[in-house]
Every structure is written in C-alpha cells, then in structure tokens.
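Subject: Structure for you to look at

Hi,

Here is the structure I promised. Please open it next to this email and follow along.

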Amino acid sequence: MATTMRLDKYLKVSRLIKRRTVAKEVAEKGRIAVNGVTAKPGTNVKSGDELVIRFGPKIVTAKIERLEENAKKEQATEMYTIIKEERTDESR
C-alpha cells in the first residue's frame with residue numbers, strides 16, 4: 001500500500017471524482033483544499049488528510065482513510081469518510 005499518492009489519482013481511484021482528467025481540472029481551478037491549503041493535481045495526499053472539494057454549489061469535506069493503487073467500486077468508498085456535505089447559495 002502506498003504511503004502517499006497524487007491528489008488527482010486518489011480522487012479517481014476513490015471515485016470521489018470519476019475521471020482523472022476531471023480531477024485535474026477541478027484541482028487546477030483551485031477548488032480542492034488538502035488540510036486547509038489549496039491543492040494542485042500533483043499534491044501528495046496521505047491517510048488522515050482532510051479534503052474539501054467544491055462541486056459547483058456543493059462542498060464536500062472528506063477524510064482520507066487509506067490509499068490504494070486500484071480499488072473496485074465496493075472498496076472505493078472505504079478509502080474515505082465523508083465528514084460533511086453542504087450547499088452554498090451562489091445566487092447571492
């Protein structure tokens with residue numbers, strides 16, 4: 001098991017974001033933070049890190065439980081714990 005992994009790869013393997021190209025774009029737009037710091041696609045993440053991902057009006061906070069090089073769909077959800085999900089009102 002890896003001790004660190006690139007953010008874009010982690011998001012794809014864990015299926016928080018289905019495609020790595022999309023994960024890369026979201027990170028490049030500054031919409032992902034790792035432990036409170038805006039992250040780049042190549043930022044290394046590890047178990048215990050906290051991710052905050054902005055999907056349009058939805059903000060998801062997740063804790064990385066473990067890293068896997070490859071994960072089946074059933075295992076992917078065990079790679080993280082959703083701490084909270086909130087909606088922002090962007091119409092203000």
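Start at Lys 46, which is partly exposed at a relative accessible area of 43%. Buried means under 20% relative accessible area, exposed means over 50%, and partly exposed lies in between (1.4 Å probe, protein chains only). Its partner is Asp 49: the two side chains meet in a salt bridge, 3.1 Å from N to O. Asp 49 is buried, at 4%.

Two notes on the source: this is a predicted model, where local features need pLDDT of at least 70 and side-chain atom pairs count only at pLDDT 80 or more, while totals for chains, interfaces and linings use all residues. Residues are numbered from 1 along each chain as its sequence is written, and side-chain values use heavy atoms, with hydrogens and water left out.

A salt bridge here is a side-chain nitrogen of Lys or Arg within 4 Å of a carboxyl oxygen of Asp or Glu. The count comes to 10 salt bridges. Side chains of opposite charge can pair when their charged atoms come close.

Next, find Glu 78 and Arg 66. Their closest N and O atoms are 3.1 Å apart in a salt bridge. The pair links distant parts of the chain, 12 residues apart. Glu 78 is partly exposed at 45%, and Arg 66 is partly exposed at 24%.

One more salt bridge joins Glu 28 and Lys 24, at 3.8 Å from N to O. Glu 28 is exposed at 52%. Lys 24 is partly exposed at 36%.

Last, Arg 6, Asp 8 and Arg 20 are linked in a network of salt bridges.

Best wishes

Methods: Helix = DSSP H or I, 4+ residues; strand = E, 2+ residues; numbered from the N terminus.
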